[in-house]
Amino acid sequence: MKKKKIIDDVSFDVYPGEVFGFLGPNGAGKTTTIRMIVGLISITAGDIYIKGSHITKNFEQAISHTGAIVENPEMYSYLSGIGNLRQYARMVDGVSEERISEVVELVGLKDRIKEKVKTYSLGMRQRLGIAQALLHSPSLLILDEPTNGLDPAGIREIRDYLRRLAHEDGLAILVSSHLLSEMELMCDRIGIIQNGKMIDIKTISDFVNDDAQVYHFHAMPVEKAINVIKTKFPQLESKIDNETVHVIAAHEDIPSVTRELVHNDIEIYLIERKATTLEEKFLQVTGGKTI
């Protein structure tokens with residue numbers, strides 16, 4: 001049987017104080033990469049370091065700096081939320097009752113923490129999983145779909161909390177999610193993996209604000225406006241949509257286009273730049289592959 005290469009020379013860093021988003025179409029290798037990082041799958045080549053410790057050569061030291069939820073948090077359903085956290089705390093040195101109370105408060109489970117986990121909703125289990133991952137005060141937090149099952153208010157709360165953990169407490173956070181709009185709000189940098197290869201890494205602002213942007217010209221007469229642009233600026237992609245001229249251009253092209261339209265007696269009422277979303281850029285980069 002021929003062996004299939006699932007991860008192909010993927011390389012990236014996650015720095016203290018940032019939320020790094022890990023994106024890719026289904027089957028691209030996101031979860032496999034995360035499993036390698038936390039030592040659940042062996043690596044055949046390459047190296048993984050967590051705070052300077054090699055994940056295979058010095059596993060206990062490396063993993064002691066790491067808190068993670070891979071896919072779904074697993075809990076003892078017959079125990080209470082606090083019982084689960086205390087059980088986990090017994091396996092880790094230095095976790096006090098004060099620390100347990102602190103993370104329970106942070107993830108918003110104070111009022112339900114003494115109830116049995118079998119009564120918890122999926123969102124509450126997710127919160128409890130994050131609390132467990134944070135108990136030992138890790139330097140790196142890895143979360144696979146951290147907002148899965150949460151309502152909009154819960155998603156916003158977890159997002160704000162993770163950003164606060166990174167920016168105020170200096171935690172390095174690696175997040176994998178299929179909610180692109182949420183990742184755009186949550187992350188500082190984005191890495192896109194496709195077919196096992198890392199194809200792009202950028203800050204959110206660099207990713208969605210590249211040189212070419214879509215500009216909407218509200219001008220009259222619209223047919224004359226599009227003809228002028230196509231004639232004078234053939235290198236720019238332009239079209240009419242909903243009685244508005246859409247032009248893909250760099251920021252520095254807009255004054256020249258505007259001057260040419262005015263020179264040709266075209267009335268310009270409004271020029272607006274359409275912000276590109278992370279979802280649109282993701283689909284462009286991956287060739288329309290769904291996440």
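Histidine 216 touches Thr244, Val245, His246, Leu270, Ile271, Glu272 and Lys274, leaving aside residues up to four places away in sequence. The model in which these contacts are found is a predicted one. Histidine 216 lies in strand β9. Its relative accessible area is 13%, and because buried means under 20%, histidine 216 counts as buried.

Strand β9 is part of an open sheet of four strands, in the order β10-β11-β9-β12 and with antiparallel pairing. The edge strands are β10, residues 237-241, and β12, residues 267-274, each of which pairs on one side only. On average, neighbouring strands of this sheet are turned by 25 degrees against each other, direction ignored. Helix α9, residues 222-232, packs on the sheet and touches β9, β10 and β11. The direction of helix α9 makes about 170 degrees with that of β10.

Within the sheet, the pairing of β9 with β11 can be followed residue by residue. Strand β9 covers residues 213-220 and strand β11 covers residues 244-249; five bridges join them in the antiparallel sense. One of the residues involved is tyrosine 215, whose bridge partner in β11 is valine 247. Strands of a sheet pair through backbone hydrogen bonds, and the pairing is either parallel or antiparallel.

Both kinds of pairing occur around strand β7. Strand β1, residues 19-23, pairs with β7 in the parallel sense over four bridges. Glycine 21 has isoleucine 190 as its bridge partner in β7. With strand β8, residues 197-203, β7 runs antiparallel, and six bridges join the two. Here isoleucine 192 has aspartate 200 in β8 as its bridge partner. β7 and β8 form a hairpin with two residues between them. In the turn, asparagine 195 has a positive phi of about 55 degrees.

Strand β7 itself, residues 189-194, is mostly covered, with six of its six residues buried. In a regular strand the side chains alternate between the two faces of the sheet. In β7, Arg189, Gly191 and Ile193 point one way, while Ile190, Ile192 and Gln194 point the other way. All of these residues are buried, whichever way they point.

Aromatic residues form another local feature. The structure holds three aromatic pairs. Phe12, Phe20 and Phe22 form one aromatic cluster.

The remaining values describe the chain as a whole. Its secondary structure comes to eleven helices and twelve strands. The radius of gyration is 24 Å, well over the 19 Å that the globule rule gives for 291 residues, so the chain is more spread out than a compact globule. Along its principal axes the C-alpha trace spans about 80 × 50 × 35 Å. Buried residues make up 46% of the 291 residues in the chain. The chain exposes about 15900 Å², of which carbon and sulfur atoms supply 48%. Among contacts between residues at least 6 apart in sequence, 70% join residues at least 24 apart.

Conventions: Residues numbered from 1 in each chain as written. Heavy atoms only, no water. Phe/Tyr/Trp six-rings, centres within 6.5 Å; stacked < 30°, edge-to-face > 60°. Pairing = 2+ DSSP bridges. Axes fitted to C-alpha atoms, helices over the stretch in contact; angles between N-to-C directions. Contact = heavy atoms within 4.5 Å. Buried < 20%, exposed > 50% of the residue type's maximum accessible area, 1.4 Å probe, protein only. Rg over C-alpha atoms; globule rule 2.2 N^0.38 Å. Areas by Shrake-Rupley, 256 points an atom, 1.4 Å probe, with all protein chains shown as cover.
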